[in-house]
Amino acid sequence: MDLEVERCAGIDIGKAEVVVTVHTPGPGGGRRRQTRTYTTMTRELLMLRDWLVELKVARAGMEATGVYWKPVFYLLEDAVEECWLLNPQHVKARRRGRKTDVLDAEWICQMVEHGLVAPSLVPPPPIRRLRGLTRRRATLISDRTREKNRLAALLEDAGIKLAVVATDIHGVSGRRMIDALIAGQRDPHVLAELAMGKLIKKHPALIEALTGRFDTYHAMLARQIVDHIDYLDTAVFELDQHIETAIAPFRDLIELLITLPGVAYRTAQVIIAETGGDMSVFPTAGHLAAWAGLCPGIHASAGRTRPTSAPKANKWLRRALGEAATACARTHTHLGARYRRLAARRGKNRARLAVAHSLLTATWHMITTRQPHHDLGEDHYTRRINP
């Protein structure tokens, strides 16, 4: 095999220690192999960095092991000319009965020096911090949704049928009634008087819905849930402020992306955070879709192709684009028509994946050309079939 790099390192990473194998030119045109073990404490990782710099290592490869690769990668990315993070599925060594950290480090080093693997995308520090903020916000929003569902289930347990009358029990009127229930008010007539807006017209129905068995047990649990929802609202608001500051350099890209149907402001922020806003690292839109896990899976053998699911990749980007695709279904646009056509034949899940793929493809072209989205029209398919 051809040798791509003369001085390279393979790093097997664990929670407590890392094993490093370095290949350098040896006497007589051969290869010299050196292996060392370091702990994952910062002091020893700095010793590892100094050793690699001393040996003039040009390329270092490491397997993406949980979150344990991060401190090692972040210390080496500025010290080594090429610091590669490798997909575990690409470097998996199949050795029956011979599996050690040293052998793994040697195998990674061989793969790296001959160019048998490709590095994974690791964005620069500003994008990494933006990713951390948007991912944390998505987690908190999911937690808030679960808490709201728990509160609705608790009201059902107490016989309070507020969800039957009110469209959103977490609106202004619903929250006033829930707070009054927690405070000890049990008279349904008094609770119904707290309605505001359109709910005022539903006063008789509210009296029926608010007649139940809400007691101190339900009040205690409801208070905890409501307090947690309030905390999550505050935390999400604080994250929004930090994200606004971090994403300021990408304001022009945000304005481009929100021209896509179904893509809201927060979704555009997630797209920028996950892709880095730089499409030069993806040669084509197909490469971007494959990296995000929005392309069809391939399972072909003996001349036969079997259906398989899409690969699991960037779950944060997939989730955001899946929500945008669902929003597209309610629009009178080309993508909305595409969703409805596919959902009728293949089901909603496949339609959602296909529209998410189209959204990501459009994103690649829009960011590359700096042109806003141009909708083909809801009747695009009809005009194409019968001009």
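**View 1. G10 and its place in the pairing of β1 with β2.** In this predicted model, G10 stands opposite T21 of β2. The two strands, β1 (residues 8-13) and β2 (residues 17-25), run antiparallel to each other and share six bridges. Another position in this pairing is I13, whose bridge partner in β2 is V18. Three residues form the link of the hairpin that leads from β1 to β2.

**View 2. The pairing of β1 with β4.** Strand β4 covers residues 59-63 and pairs with β1 in the parallel sense, over four bridges. Here A9 stands opposite A60 of β4. Strands of a sheet pair through backbone hydrogen bonds, in either a parallel or an antiparallel sense.

**View 3. The whole sheet.** Five strands make up an open sheet with mixed pairing, in the order β3-β2-β1-β4-β5. The edges are held by β3 (31-39) and β5 (82-86); each has a single partner strand, so one side of each lacks a neighbour in the sheet. From one strand to the next, the twist averages 20 degrees.

**View 4. The two faces of β1.** Strand β1 is mostly covered, with six of its six residues buried. On one side lie C8, G10 and D12, and on the other A9, I11 and I13; all are buried, and both faces of the strand are covered.

**View 5. Helix α1 on the sheet.** Helix α1, made of residues 42-54, lies across β1, β2 and β3. The helix runs at about 165 degrees to β3.

Methods: Residues are numbered from 1 along each chain as its sequence is written. This is a predicted model: local features need pLDDT of at least 70, side-chain atom pairs count only at pLDDT 80 or more; totals for chains, interfaces and linings use all residues. Side-chain values use heavy atoms; hydrogens and water are left out. Two strands pair if DSSP finds at least two bridges between them. Axes are lines fitted to C-alpha atoms, for helices over the stretch in contact, and angles run from 0 to 180 degrees between N-to-C directions. Contact means heavy atoms within 4.5 Å. Buried means under 20% relative accessible area, exposed over 50%, partly exposed in between (1.4 Å probe, protein chains only).
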